[in-house]
Amino acid sequence: MAGLKRLGRGLLVLSLAMPAGLGPATATEEQPFDACAAAAASQFETGFEEIGRESWEIDTDAAINACIAALEDEPDSAQVKGWLGRAYFAAGDTDRAVPLFEEAAAAGNVVALAMLGDMLTTGDGVAVDMERGAQLLTQGAEAGFALAQNSLGLSYDFGEGLKQDYTQAARWYRAAAEQGMSKAQSNLGLMYQEGLGVPRDYVAAAAWFELAVAQGDASGQVNLGKLLQDGSGQPADPARAAELYRLAADQGDMYGQNNLGFLLENGLGVDTDLVAAAELYRQAADQGLALAQHNLALLYEDGRGVKQDYGRALELYRQAAEGGEMRAAVNLGLLYLDGLGTEVDYDEAIKWTQLAADSDQPIALNNLGHIYENGFGVTADRDTAISYYQQAADQGYQLAAENLARLTGPATPSTGKTKTK
């Protein structure tokens, strides 16, 4: 299952007051500044709440043309430069966006501070410079711009360009959340859920998630769904969790797709539908979600919801393992060990099982014990096998405890390996 995620970088929005004397366009004449605002302003910007839009909603050709005209009319306007930079960024033209952001940021434009700060933090169109990115985000956040506040929260949350500080992360998430930014509301909810920078409080977490859900925010939908699925701070409600995951999945959110797939696979809050589960896992897997790749591989390995295909399972387990999903590394090692979807390859079996064992994955530790006990690709070594079984048993893994007892008792054949879900 997946659910927890903190979001906020990437598609940003604007915020600056209109220059004095420049108001909304009249019905008979639209000034260049107003045309640029109508094409590129954001609903989060003071004075432009009614006409603003998200970055992905911008008609980039129209916005670029309108803002070029506005900049010709007001060549020194930092706000117009910020808008034009935003339009270029939305169009994927960072080469033109960056010089405009640099000029606008130097003049204190919060849009440019936030967007350039994010770009420097993530290396989007510019060389990574997290320290400068954090400096620019701090300027924008202290000026009261919600998008910069949320992004600064992320920088504190993950220690990007400054020292990790969950208290500061929660502070800046709250500042943006109180301005109605849905992703900040979801992020603050996660801080309450995890007890990071604030006391753990599932009720407060759910309240912030609900605010994000009310705005149609996919991350809020996923995170509230996970609370309801698990029954954290309230009675479990897998049926509503499924509804929320579906809303997120319908927006193309890979976490919503994976989590709804999990409920459909297991008949939690919905009727079991393995075919639909496999399709949702595929959608999330195609977006690179390692957990979904693992989940889909399990279906292919077992022939549930899809035709059994060990080769496809092998491919998906590898993708997931390379993406950091250690349960997939365990199962990939077993396919190589047993020669399913591939020739028996003890070197590859040991490689992937060892990778998972190095992260203290108990099933991997148990399986390594099985490999060393039986000498699969290595010299059989009872003491090493016992050591691995002991490490897994110490984590409460029952099969390892049985294998350990068997090795330290009467000699019997080993059958002690298993895959993980």
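The legends below describe an overall view and several close-up views of a predicted model. Residue numbers start from 1 along each chain as its sequence is written, and side-chain values use heavy atoms, with hydrogens and water left out. In this predicted model, local features need pLDDT of at least 70 and side-chain atom pairs count only at pLDDT 80 or more, while totals for chains, interfaces and linings use all residues.

Figure 1. Helices (H or I, at least four residues) and strands (E, at least two) are DSSP runs, numbered from the N terminus. The C-alpha trace spans about 90 × 45 × 45 Å along its principal axes. Of the 421 residues in the chain, 51% are buried. Buried stands for under 20% relative accessible area, exposed for over 50%, and partly exposed for what lies in between (1.4 Å probe, protein chains only). Contact means heavy atoms within 4.5 Å. Among contacts between residues at least 6 apart in sequence, 53% join residues at least 24 apart.

**Figure 2. The disulfide between cysteine 36 and cysteine 67.** The structure holds one disulfide, a term for a pair of cysteine sulfur atoms within 2.5 Å. The sulfur atoms of cysteine 36 and cysteine 67 are 2.0 Å apart. Cysteine 36 lies in helix α1 (residues 32-40) and cysteine 67 in helix α2 (residues 60-73), so the bond ties together parts that are 31 residues apart in sequence. The torsion about the S-S bond is about 95 degrees, and therefore the disulfide is right-handed. Cysteine 36 counts as buried, because its relative accessibility is 0%. Cysteine 67 is also buried, at 0% relative accessibility.

**Figure 3. Helix α6 packed on helix α7.** Two packed helices are described by the angle between their axes and the distance between the axes. Axes are lines fitted to C-alpha atoms, for helices over the stretch in contact, and angles run from 0 to 180 degrees between N-to-C directions. Helix α6 (residues 130-142) and helix α7 (residues 146-158) meet at an angle of about 140 degrees, and their axes are 8 Å apart. This angle makes α6 oblique to α7. Angles under 35 degrees count as roughly parallel, over 145 as roughly antiparallel, 65 to 115 as roughly perpendicular, and the rest as oblique. The crossing of α6 and α7 is left-handed; a crossing is given this name if the near helix is turned anticlockwise from the far one by less than a right angle, and is right-handed if clockwise. On the α6 side the contact involves Ala134, Leu137, Thr138, Gly140 and Ala141, and on the α7 side Ala148, Gln149, Ser151, Leu152 and Ser155. These residues divide into five nonpolar, five polar and no charged. Here Ala, Val, Leu, Ile, Met, Phe, Trp, Tyr, Cys and Pro count as nonpolar, Asp, Glu, Lys and Arg as charged, and the others, Gly among them, as polar.

**Figure 4. Helix α17 packed on helix α18.** Helix α17 (residues 326-338) and helix α18 (residues 346-358) pack at an angle of about 160 degrees, with 8 Å between their axes. The angle makes α17 roughly antiparallel to α18. Their crossing is left-handed. From α17, the contact uses Met326, Ala329, Val330, Leu332, Gly333, Tyr336 and Leu337; from α18, it uses Tyr346, Glu348, Ala349, Trp352, Thr353, Leu355 and Ala356. By class, the residues of this contact are 11 nonpolar, two polar and one charged.

Figure 5. Leucine 368 and threonine 353 are 15 residues apart in sequence, and their C-alpha atoms are 6.7 Å apart in space. Glutamine 354 lies in helix α18 and is partly exposed, with a relative accessible area of 22%. With neighbours within four places in sequence again left aside, glutamine 354 is in contact with Leu368 and Tyr388.

**Figure 6. Aspartate 360 in the loop between α18 and α19.** Phi of aspartate 360 is near 70 degrees, a positive value in a residue other than glycine. Aspartate 360 counts as partly exposed, at 43% relative accessibility.
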